[in-house]
Amino acid sequence: MDVKHVTGTGEGAFVVERDGQRIAEMTYTAPDAGRATVDHTWVSDELRGQGVARELLDALVAWARADGV
């Protein structure tokens with residue numbers, strides 16, 4: 001599963017897309033350097049039970065560790 005990291009000012013998301021449509025996401029806010037709060041997780045019904053939410057979380061944790069968040 002290809003998990004992409006999308007960032008904006010003070011927020012971001014780890015997403016899975018298929019045919020240009022977002023089919024899973026884990027969003028977060030980052031109010032300041034060194035902190036982030038996950039505020040939403042969603043996985044489409046077609047992917048439920050396949051460990052996709054865990055893959056999103058693993059990607060987020062890898063990013064947080066690498067960036068000191």
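**Before starting**

This is a predicted model, in which local features need pLDDT of at least 70 and side-chain atom pairs count only at pLDDT 80 or more, while totals for chains, interfaces and linings use all residues. Residues are numbered from 1 along each chain as its sequence is written, and side-chain values use heavy atoms, with hydrogens and water left out.

**Stop 1: the whole chain**

Followed along the sequence, the pattern is β-β-β-β-α. The radius of gyration of the chain is 12 Å, close to the 11 Å that the globule rule gives for 69 residues, so the chain is as compact as a globular protein of that length. Here the radius of gyration is taken over C-alpha atoms, and the globule rule is 2.2 Å times the number of residues to the power 0.38. The C-alpha trace spans about 35 × 20 × 20 Å along its principal axes.

Now show the surface. The chain exposes about 4500 Å², of which carbon and sulfur atoms supply 46%; such areas come from the Shrake-Rupley method with a 1.4 Å probe, and for residues only the protein chains shown count as cover. Of the 69 residues, 28% count as buried. Buried means under 20% relative accessible area, exposed over 50%, and partly exposed in between (1.4 Å probe, protein chains only).

**Stop 2: the nonpolar core**

Select Phe14, Val16, Ala24, Val52, Leu56, Leu60 and Trp63, and show their side chains. Of the 13 residues in the largest nonpolar core, these seven, Phe14, Val16, Ala24, Val52, Leu56, Leu60 and Trp63, touch the most other members. Which elements give two or more residues to this core? They are β2 (11-18), β3 (21-29) and α1 (52-67). Helix α1 gives the most, with 5 residues. A nonpolar core is a set of buried Ala, Val, Leu, Ile, Met, Phe, Trp, Tyr and Cys residues joined through side-chain atoms within 4.5 Å. In soluble globular proteins, nonpolar side chains tend to be buried together.

**Stop 3: Leu60 and Val52**

Select Leu60, which lies in helix α1. Leu60 is buried, with a relative accessible area of 10%. Leaving aside neighbours within four places in sequence, Leu60 is in contact (heavy atoms within 4.5 Å) with Phe14, Met26, Tyr28 and Val38.

Next select Val52. Apart from neighbours within four places in sequence, Val52 is in contact with Met1, Val16, Ala24, Val43 and Leu47.

**Stop 4: Val43**

Select Val43, in strand β4 (residues 37-43). Is Val43 buried or exposed? At 10% relative accessibility, Val43 counts as buried. Not counting residues up to four places away in sequence, Val43 touches Ile23, Ala24, Arg48, Val52 and Ala53.

Then select Ala62, which is found in helix α1. Ala62 is partly exposed, with a relative accessible area of 45%.

**Stop 5: two loops**

Select Gly10, in the loop between β1 (4-8) and β2. Gly10 is partly exposed, with a relative accessible area of 37%. Beyond residues up to four places away in sequence, Gly10 touches Thr29 and Ala30. The C-alpha atoms of Gly10 and Ala36 are 8.9 Å apart, although these residues are 26 apart along the chain.

Finally, select Asp19, in the loop between β2 and β3. Asp19 counts as exposed, at 75% relative accessibility. Phi of Asp19 is near 55°, a positive value in a residue other than glycine. Most residues other than glycine have a negative phi, and most peptide bonds are trans.

Note on methods: Helices (H or I, at least four residues) and strands (E, at least two) are DSSP runs, numbered from the N terminus.
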